[in-house]
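Please look over the sequence and the model before reading on.

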Amino acid sequence: MDTEARWRLIKDARAAADLSTHGLRRLNKLFETAAPHSQTRVGPKTFHMCLARQGVRDAVLHGRLFSELSLLDEHGKIDYRDFLCLLAFASHERVQDKIDLIFEVYCEEHEPVTSLSLTQLLHMIMLARPREERGAVLEELEGIWTEVRRGLDAAESTPEYWMAPSVSVGLQKYELLRA
């Protein structure tokens, strides 16, 4: 699916439901309640049920959102957090609100998320790109990541900031906003 088609699909979803950060928080709660045992991977039945409870009544739109905007695993399931983050990126909300929502979506009750790794950030960003563009986008984002970490490391004077940029280090909310 090309970028233009993805944005048309997201526009269709916006017309059918509240996809503001407030609406996406509600949808996140619906997924959390519906997914068994704190699992984040859901199949089409759970996905459709949650969207219907969010107010999206169009079953064709449910199917398109499930299959075209998400990465299916070998069991035909998606990680609903990735789906919500993609919608957050596409929302017309303030950057601060989007970042807050993304951290909330990845936060678990027993283990709060304080930073997102490069791998998590890249995965979320890559979902919005067509397959043929992903290699070039990945290369550019890795360069940006290196510059961001280098700039943050240089700005800090504490000894624990000596380490080189790493995909596992992650960025905290305030770092994403500064970047």
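The model is predicted, so local features need pLDDT of at least 70 and side-chain atom pairs count only at pLDDT 80 or more, while totals for chains, interfaces and linings use all residues. Residues are numbered from 1 along each chain as its sequence is written, and side-chain values use heavy atoms, with hydrogens and water left out.

Helices are DSSP runs (H or I, at least four residues), numbered from the N terminus. Helix α6 has twelve residues and reaches 17 Å from its first C-alpha to its last, close to the expected 16 Å; the expected span is 1.5 Å times one less than the number of residues. Nine of the twelve residues of α6 are buried, where buried means under 20% relative accessible area with a 1.4 Å probe, protein chains only.

Two packed helices are described by the angle between their axes and the distance between the axes. Axes here are lines fitted to C-alpha atoms over the stretch in contact, and angles run from 0 to 180 degrees between N-to-C directions. Angles under 35 degrees count as roughly parallel and those over 145 as roughly antiparallel.

| Helix pair | Axis angle | Axis distance |
|---|---|---|
| α2 and α6 | about 5° | 10 Å |
| α5 and α6 | roughly 175° | within 10 Å |

Helices α2 and α6 are therefore roughly parallel. Their contact (heavy atoms within 4.5 Å) is made by Thr21, Leu24, Arg25 and Asn28 of α2 with Asp97, Lys98, Asp100, Leu101, Glu104 and Val105 of α6. By class it has three nonpolar, two polar and five charged residues. Asp, Glu, Lys and Arg count as charged, Ala, Val, Leu, Ile, Met, Phe, Trp, Tyr, Cys and Pro as nonpolar, and the others, Gly among them, as polar.

Threonine 21 of α2 is buried at 6% relative accessibility. Not counting residues up to four places away in sequence, threonine 21 touches Glu93, Asp97, Lys98 and Leu101.

Helix α5 is roughly antiparallel to α6. Residues of α5 in this contact include Leu84, Cys85 and Phe89, and those of α6 include Leu101, Ile102 and Tyr106. This contact has eight nonpolar, no polar and three charged residues.

The largest nonpolar core has 35 residues; such a core is a set of buried Ala, Val, Leu, Ile, Met, Phe, Trp, Tyr and Cys residues joined through side-chain atoms within 4.5 Å. Helix α5 gives the most to this core, with eight residues.

Key. Helices (H or I, at least four residues) and strands (E, at least two) are DSSP runs, numbered from the N terminus. Angles under 35 degrees count as roughly parallel, over 145 as roughly antiparallel, 65 to 115 as roughly perpendicular and the rest as oblique. Buried means under 20% relative accessible area, exposed over 50%, partly exposed in between (1.4 Å probe, protein chains only).
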